[in-house]
Amino acid sequence: MDVKTITLEFLRQHGYDGLSGDECACKLDNLFPCGYAGTEACRAGYLQPMDEQQSRDYEFMIGPDKPEETTA
C-alpha cells in the first residue's frame, strides 16, 4: 500500500474532502497533482463556501474547518 492510498483511505474514513497547503489545495478525486512536492505542508480539510469573487478566481477552496450546514 502506497502513501497516496493510505492518505485517501484516512481522508475518506474521517469525512474530509481533500487537502490544503500554504498555497494550494486538492480534492480526493485529484489527490497530489503536485507529485508530492511540498506535501509536508498539507493538512486535511473540507470544501469551503465561496463568495462571488472567489468563485471567479478558484474552482474550489479547501480549509481546515468544516462548514456549518445550512437549511434553506
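The following dialogue discusses how to read several features of one predicted model.

Biologist: On what basis are the values given?

Modeller: The model is predicted, so local features require pLDDT of at least 70 and side-chain atom pairs count only at pLDDT 80 or more, whereas totals for chains, interfaces and linings use all residues. Residues are numbered from 1 along each chain as its sequence is written, and side-chain values use heavy atoms, with hydrogens and water left out.

Biologist: Which residues form the largest nonpolar core?

Modeller: In soluble globular proteins, nonpolar side chains tend to be buried together. A nonpolar core is a set of buried Ala, Val, Leu, Ile, Met, Phe, Trp, Tyr and Cys residues joined through side-chain atoms within 4.5 Å. Buried means under 20% relative accessible area, exposed over 50%, and partly exposed in between, for a 1.4 Å probe and protein chains only. Here the largest such core has 8 residues: Leu8, Leu11, Leu19, Cys26, Leu28, Leu31, Phe32 and Cys42.

Biologist: Where does phenylalanine 32 lie?

Modeller: Phenylalanine 32 belongs to the loop between strand 2 (25-27) and strand 3 (43-47); helices (H or I, at least four residues) and strands (E, at least two) are DSSP runs numbered from the N terminus. Its relative accessible area is 11%, so phenylalanine 32 is buried. Its phi is positive, about 60°, although the residue is not a glycine. Beyond its neighbours within four places in sequence, phenylalanine 32 is in contact (heavy atoms within 4.5 Å) with Lys4, Thr7, Leu19, Cys26 and Thr39.

Biologist: How many aromatic pairs does the structure hold?

Modeller: Rings of Phe, Tyr and Trp (its six-membered ring) pair if their centres lie within 6.5 Å; planes under 30 degrees apart count as stacked, over 60 as edge-to-face and the rest as tilted. The structure holds 3 aromatic pairs. One of them joins tyrosine 16 and tyrosine 46, tilted at 35° between the planes and 5.0 Å centre to centre. This pair links distant parts of the chain, 30 residues apart: tyrosine 16 is in the loop between helix 1 (3-13) and strand 1 (18-20), and tyrosine 46 is in strand 3. Tyrosine 16 is partly exposed at 21% relative accessible area, whereas tyrosine 46 is buried at 12%. The ring centres of phenylalanine 32 and tyrosine 36 are 4.4 Å apart and their planes meet at 35°, so that pair is tilted. Ring pairs also link Phe10, Tyr16 and Tyr46 into a cluster.

Biologist: Is tyrosine 36 buried or partly exposed?

Modeller: Tyrosine 36 is partly exposed, because its relative accessible area is 37%. Tyrosine 36 is also in the loop between strand 2 and strand 3, and has a positive phi of about 75° although it is not a glycine.

Biologist: What does alanine 25 touch?

Modeller: Not counting residues up to four places away in sequence, alanine 25 touches Leu19, Ser20, Phe60 and Ile62. Alanine 25 is in strand 2 and is partly exposed, with a relative accessible area of 30%. Its C-alpha atom is separated by 18 Å from that of histidine 14, 11 residues apart along the chain.
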